[in-house]
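Here is a short walk through the aromatic rings of a structure. Look at the model first, then read on.

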Amino acid sequence: MCGIAGLILQRPQPVPDGLVNGMARRLNHRGPDDSGFLALGKSAARASREYSPAPDTRAILIHRRLSIIDLSGGGWQPMSTPDGTRHTVFNGEIYNFIELRNELKAGGASFKSGSDTEVLLSAWDTWGEGALKRFTGMFAFAMLDLKSRTVTLVRDCFGIKPL
């Protein structure tokens with residue numbers, strides 16, 4: 001079970017690394033295998049394994065990983081679409097991700113990993129919020145969409161994973 005957290009700010013500002021790293025430390029027990037941070041600034045989104053503050057931070061996504069489906073670095077999060085317009089942190093499992101992956105591939109999508117998180121991103125790109133009706137599983141995620149300037153928080157209908 002992974003752990004996710006984040007901050008959405010009303011105005012660009014520096015966010016102390018102590019605050020962000022403290023949030024990540026509180027999730028250590030949920031994801032001992034890896035960690036990741038995405039800091040969205042005025043001009044770019046920067047993803048890394050260590051948080052570094054920026055003066056114009058608008059949003060931060062934090063992920064603690066428990067590697068289950070794709071044990072490689074290809075499943076590292078926060079994960080972004082190839083064009084960098086959508087970013088997600090995901091906790092849980094989409095049980096039917098292989099079927100969805102095959103459907104998306106038939107429609108022209110390509111994948112670099114065996115991760116259900118990458119399928120989530122591609123499904124969101126293809127079907128938008130309609131992708132939610134197609135997911136079978138237990139999950140919680142945050143989707144940061146730079147095209148629509150929105151953050152969508154999602155939890156499966158049973159509320160199994162914390163959000």
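A residue is buried under 20% relative accessible area, exposed over 50% and partly exposed in between, with a 1.4 Å probe and protein chains only. Phe141, at 0% relative accessibility, therefore counts as buried. Phe90, at 2%, is buried too.

The model is predicted: local features need pLDDT of at least 70, side-chain atom pairs count only at pLDDT 80 or more, and totals for chains, interfaces and linings use all residues. Residues are numbered from 1 along each chain as its sequence is written, and side-chain values use heavy atoms, without hydrogens and water.

Now take the rings. Rings of Phe, Tyr and Trp (its six-membered ring) pair if their centres lie within 6.5 Å; planes under 30 degrees apart are stacked, over 60 edge-to-face, and the rest tilted. The whole structure holds six aromatic pairs. In one of them, the centres of Phe37 and Tyr51 are 6.2 Å apart and the planes stand at 50 degrees, so this pair is tilted. Phe37 belongs to strand E2 (residues 34–40), while Tyr51 sits in the loop between strands E3 (45–48) and E4 (57–65), so the pair ties together parts 14 residues apart in sequence. Strands are DSSP runs of at least two residues (E), numbered from the N terminus. Both Phe37 and Tyr51 are buried.

Phe90 and Phe141 also form a tilted pair, with 6.4 Å between centres and 50 degrees between planes. Phe90 is in strand E6 (residues 86–94) and Phe141 in strand E7 (residues 137–145), so the pair ties together parts 51 residues apart in sequence. Ring pairs link Phe90 and Phe141 into a cluster with Trp124, Phe135 and Phe139.

How values were computed:
Helices (H or I, at least four residues) and strands (E, at least two) are DSSP runs, numbered from the N terminus.
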